[in-house]
Amino acid sequence: MRTGIATVCLSGTLKEKMQACAIAGFDGIEIFEQDLVTSPLSPEDVRRMAADLGLGLDLYQPFRDFEGVTPDLLKANLRRAEAKFTLMSRLGMDTILVCSNVATATIDDDELRASQLSELAELAGDHGIRVAYEALAWGKHVNDYEHAYRLAEMVDHPNFGTCLDSFHILSRDWDTAPIETINAEKIFFVQVADAPKLSMDVLSWSRHYRVFPGEGQFELAKFMGHVVRAGYTGPVSLEVFNDVFRQSDVERTAVDAMRSLIWLEEQSAKWLASTAPEAEGGTVAASRRRYPMELATLPKVNEPAGFNFAEVKAEDTAQLEKLLSQLGFGFEGRHRTKDVQLWTMGQARVIINEQAASHAEPAIAALGFDVDSPVIASARAQQLKAPVVARKVQADEEVFQGICAPDSTEIFLCQGSPDGTAAWTREFGEGLEHPRQPQNAVIDHVNLAQPWQHFDEAVLFYTSALALEPQPFAEVPSPSGLVRSQVMQTSDGAVRLVLNLAPAQQASGHKTYQEHIAFAVEDLVSAARAARGRGLEFLQIPANYYEDLDARFDLDPAFLATLQELNLLYDRDADGEFLHFYTATIGSVFFEMVERRGNYDGYGAPNAPVRHAVQYDSLHRI
């Protein structure tokens, strides 16, 4: 699949955008008109630079508001088009995007539109230019891709075809199956974009909220599958208007964009295989043999089986050690060659890392996941542009495969074991006795705060590299504003990762949102009593919360009193119950202990505003 991206997707100058696209590995680019108009580079300079970078110049865009107009305006439009065709010749480009008219069309007549577009096609042919006509979702008279294709057939000119844009098609819920009936020779260009499902006017939606494939909710693999079945072999190019992307680092955004196309290519191949006739075996190989466009696939990996460990980094670890001890974790000793400690409770393992942690407040630094084959999982992640984490090892030490997440959290892919043990723990605490711990525990979930400019990137990263599935996102109120919360998890819930888009920091510079690791135990009440006996400082829950809890659930008075006594929070749904408590925050880290009863699958979402408020109040008292 030939990959492309429109320069409008990225921040920076045209030169910076082109360099970033080449570094990310794109085959070609679409040049957005404004990027060229505002550039000091001449068209000849751009042409030479693209050749030096190995980039094709695939599309010049957009040409707006041409058809369905009066004769005088048509004459002016043809003059404007000829100037652009001459410019494209200087650039060495042969395809232009013409959008359906949204502003100046005064005549709703397909015969007239086809006649005027035929004049444009003739003029384009004289310059060796192809016209890709696109139906905008908000087009005045043409807003349907099938309508645009009918016009292309009416024009019946070798230099006139259509452009298929996933946003304009999927935002209007048009059926994508008829794409397969389009003559592939008339599909001159394909643009793709994802988007969250929003209830707003389609123009604003398009101009501000598009995202890269895999970061929204559109069925892009199905769209691309129909395009492939139609016989299209040209570029598949990203056209994403997004306010955040236009403010973010250009090279990083380009890599995120390239990752999205690699992911889309794989998902499209899977869709084709899953819908292939049984006579062909229904395999990816069969689907690739059948169609002209070759779709590459990635090393196949299963979803993680569970958390292997969580790592917290800090210069001064005394408070962390005290907190883990109060929770009931046992100290398993120091690593034999590294300045790190291991603390465990059952199968919940926490590493405290003091390496290269000068002046660092405690913060979550790394997560380990149990996978079938760490080497294959790492190879897949690297093909998806994930940076590799370098890690020094000595002889006879576990070799971890590590990659870096968008928020700089290090992700280690570990060899899982059927009994939940980890071989690398033998490298800690040589000669120490390890008494049996009273509580068994596992890591239930980890909550990571995401920088605003990398939130969508993080969703795609965990989806594509770790096979986690995004759940419907929620918005939680806090004293600092709404916190967008996106759960990523495995199908069985063994791995639950909560990505939170935190509110902006206050002018004081204090961090208004923290991260945490949650541990699941079988008996939270006894765990809380034991922790209190060890001197644990719980997050103090206001009495108003328990009055409201009683009103909502009509709990047994004795049980309610126990909850309040121990600062426990409670939730219930049709599938079960959820008990949990939080510790005080150290640096940017706090811990949570939970108990899931029945088939409760949530996170106590109604209690989140309480936690946010108490933490905010505690932070500002300090």
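**Arg113**

I started with arginine 113: setting aside neighbours within four places in sequence, I find it in contact (heavy atoms within 4.5 Å) with Glu67, Gly68, Ile107, Asp108, His141, Val142, His147 and Leu151. Arginine 113 sits in helix H5, residues 110-126; helices here are DSSP runs of H or I with at least four residues, strands are E runs of at least two, and both are numbered from the N terminus. At 3% relative accessibility, arginine 113 counts as buried, the cut-offs being under 20% relative accessible area for buried, over 50% for exposed and partly exposed in between, with a 1.4 Å probe and protein chains only.

**Ground rules**

I note that this is a predicted model, where local features need pLDDT of at least 70 and side-chain atom pairs count only at pLDDT 80 or more, while totals for chains, interfaces and linings use all residues. Residues are numbered from 1 along each chain as its sequence is written, and side-chain values use heavy atoms, with hydrogens and water left out.

**Whole protein**

I get 18 helices and 24 strands. The radius of gyration, taken over C-alpha atoms, is 28 Å, close to the 25 Å from the globule rule for 622 residues, so the protein is as compact as a globular protein of that length. That rule is 2.2 Å times the number of residues to the power 0.38. The C-alpha trace spans about 85 × 60 × 55 Å along its principal axes. Buried residues are 56% of the 622. Of the contacts between residues at least 6 apart in sequence, 75% join residues at least 24 apart.

**Barrel**

I followed eight strands that close into a barrel, S1-S2-S3-S4-S5-S6-S7-S8, with parallel pairing; two strands pair if DSSP finds at least two bridges between them. From one strand to the next the twist averages 30°, with axes fitted to C-alpha atoms (for helices, over the stretch in contact) and angles from 0 to 180 degrees between N-to-C directions. S2 (28-32) and S3 (56-63) run parallel and are joined by five bridges. Glutamate 30 stands opposite leucine 59 in S3.

**Open sheet**

I also traced an open sheet of seven strands, ordered S10-S11-S12-S9-S13-S15-S14, with mixed pairing. Which strands stand at its edges? They are S10 (330-334) and S14 (401-404); each has a single partner strand, so one side of each lacks a neighbour in the sheet. The twist here averages 25° from strand to strand. S10 and S11 (340-345) run antiparallel, joined by three bridges, and phenylalanine 331 has tryptophan 343 in S11 as its bridge partner. Helix H12 (318-327) packs on the sheet, touching S9 (306-313), S11 and S12 (348-353), with its direction at about 15° to that of S11. Helix H13 (374-383) packs on the sheet too, touching S13 (363-371), S14 and S15 (410-415), at about 150° to the direction of S15.

**Cores**

I looked up nonpolar cores, meaning sets of buried Ala, Val, Leu, Ile, Met, Phe, Trp, Tyr and Cys residues joined through side-chain atoms within 4.5 Å. The largest has 183 residues, and Ile411 is one of those with the most contacts inside it. Helix H10 (250-274) gives the most to this core, eleven residues. A second, separate core of twelve residues includes Ile351, Ala366, Cys414 and Phe428.
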